[in-house]
Amino acid sequence: MQTTDFDWPGYIALMAQILDMPLDDARRAELEVQLRRINTMAQPLMDFKLDQRQEVAGVYQL
């Protein structure tokens, strides 16, 4: 399930505002390129269907 309609420029603007991190246009553009690449690489993992009864990692207690 590829998310093609995500608002990357809006997300970047919001995060820059929240983090109080001024970004010039060139940095915004490069950041958008990198986030799109990360999204593309992560998509196969996100699309992997897990069984409803899939066991989670073990919980270790002392």
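**Terms and the values behind them**

Tutor: A search of the whole structure finds three aromatic pairs. This is a predicted model, in which local features need pLDDT of at least 70 and side-chain atom pairs count only at pLDDT 80 or more, while totals for chains, interfaces and linings use all residues. Residues are numbered from 1 along each chain as its sequence is written, and side-chain values use heavy atoms, with hydrogens and water left out.

Student: What makes tryptophan 8 and tyrosine 11 an edge-to-face aromatic pair?

Tutor: Rings of Phe, Tyr and Trp (its six-membered ring) pair if their centres lie within 6.5 Å; planes under 30 degrees apart count as stacked, over 60 as edge-to-face and the rest as tilted. Here the values are 6.0 Å centre to centre and 90° between the planes, so the pair is edge-to-face. Ring pairs also link Phe6, Trp8 and Tyr11 into a cluster.

Student: Why is tryptophan 8 called buried, and why is tyrosine 11 called partly exposed?

Tutor: Buried means under 20% relative accessible area, exposed over 50%, and partly exposed in between (1.4 Å probe, protein chains only). Tryptophan 8 has 11% and is therefore buried, whereas tyrosine 11 has 35% and is therefore partly exposed.

Student: Which residues make up the largest nonpolar core?

Tutor: Trp8, Ile12, Ala16, Leu23 and Leu35 make up this core, five residues in all. Three of them, the largest share, come from helix H1 (residues 8–18). A core is a set of buried Ala, Val, Leu, Ile, Met, Phe, Trp, Tyr and Cys residues joined through side-chain atoms within 4.5 Å. Helices are DSSP runs (H or I, at least four residues), numbered from the N terminus.

Student: Why does isoleucine 18 count as exposed?

Tutor: Isoleucine 18 lies in helix H1, and its relative accessibility is 56%, so the residue counts as exposed.

Student: How do you know that glutamate 32 and arginine 36 meet in a salt bridge?

Tutor: A salt bridge is a side-chain nitrogen of Lys or Arg within 4 Å of a carboxyl oxygen of Asp or Glu. The N to O distance between these side chains is 2.9 Å, so the pair qualifies. By this rule the count comes to one salt bridge.

Student: Why are glutamate 32 and arginine 36 separated by about one helical turn?

Tutor: They are separated in this way because they are four residues apart in helix H2 (residues 25–47). Arginine 36 has a relative accessible area of 37%, and is therefore partly exposed.

Note on methods
Helices (H or I, at least four residues) and strands (E, at least two) are DSSP runs, numbered from the N terminus.
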